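Reader: Before we turn to the details, could you show me the sequence and the structure that we are going to discuss?

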Amino acid sequence: MLSDMTADLVYIQDALDEFRSFYWREADSYGLHPDQLVGTPVGANFGPVAIVPYLSRVHQVLETQIPAQFPCEFWDRQGHGWLFDLWISPIPLSEAATPQVLVMGCLQVKALDHASPNVPLPSTTPIPSADYYQKLLTQIAWNIRRTLDLDTIRQQAVEGLGKALGVSRCLICSYERGSESVTVMAEYCQPAFSPDAASSPGDRR
């Protein structure tokens, strides 16, 4: 229940994906000042690592007026990382006002192990429409039909899905019943992440 949750992070975000207010009890420790964040896009200086899926959930709440809860990893421009358990709730407003949501976060993990200095946040461009995803999936399917090579099919699928979902990494793995491990058959990794952290196809997990 939201009433049982002690929020560490609280902010209001509007339908234009900008901060309208901001509070975080540890903000000063990381040089984050509310007056510098309010009016800026969520993710420009502080925000979710996977910005596209996050914005998709926010716009879903705005459209359906149904609150949502999910874990979300945040980064800042200095490479600090945190994992929050988020609650996103619509704010009732007059028809003339810009739709807004209240976001409350309970800190779960501080200073994530893989956070590193000077790692850029993902782009904060507006969330793609449903038509964009449909066209992208259609293109993936079309590319797959053009080849019978299984390795090519796997790689095209994992790259297409990784870009569409806005995730840092995406894997396709092979699993045999009874086995205690899986084999990575194809992998997509965002350029901002160290190639040394990526596993080569065929690695056992």
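Reader: Which residues form one aromatic cluster?

Author: This is a predicted model, and the structure holds 13 aromatic pairs. One aromatic cluster is formed by Tyr11, Phe19, Phe22, Trp24, Tyr30, Phe46, Tyr54, Phe74, Trp82 and Phe84.

Reader: Is the pair of Tyr11 and Phe22 stacked or edge-to-face?

Author: Tyr11 lies in strand β1 (residues 9-14) and Phe22 in strand β2 (residues 19-24), eleven residues apart, and both Tyr11 and Phe22 are buried. Planes under 30 degrees apart count as stacked. Because the ring centres of Tyr11 and Phe22 are 6.3 Å apart and their planes stand at 20 degrees, the pair is stacked.

Reader: How many degrees lie between the planes of Trp24 and Trp82?

Author: Trp24 in strand β2 and Trp82 in strand β5 (residues 81-91) are 58 residues apart, so that their pair links distant parts of the chain. Trp24 is buried, with a relative accessible area of 4%, and Trp82 is buried as well, with a value of 0%. The pair is edge-to-face, with 4.9 Å from centre to centre and, between the planes, 85 degrees.

Reader: Is Ile172 buried, partly exposed or exposed?

Author: Ile172 is placed in strand β7 (residues 169-174), and, leaving aside residues up to four places away in sequence, Ile172 touches Arg154, Ala157, Val158, Thr183, Val184, Met185 and Ala186. Buried would require under 20% relative accessible area, and exposed over 50%. Because the relative accessible area of Ile172 is 24%, Ile172 is partly exposed.

Note on methods: Residues are numbered from 1 along each chain as its sequence is written. This is a predicted model: local features need pLDDT of at least 70, side-chain atom pairs count only at pLDDT 80 or more; totals for chains, interfaces and linings use all residues. Side-chain values use heavy atoms; hydrogens and water are left out. Rings of Phe, Tyr and Trp (its six-membered ring) pair if their centres lie within 6.5 Å; planes under 30 degrees apart count as stacked, over 60 as edge-to-face and the rest as tilted. Helices (H or I, at least four residues) and strands (E, at least two) are DSSP runs, numbered from the N terminus. Buried means under 20% relative accessible area, exposed over 50%, partly exposed in between (1.4 Å probe, protein chains only). Contact means heavy atoms within 4.5 Å.
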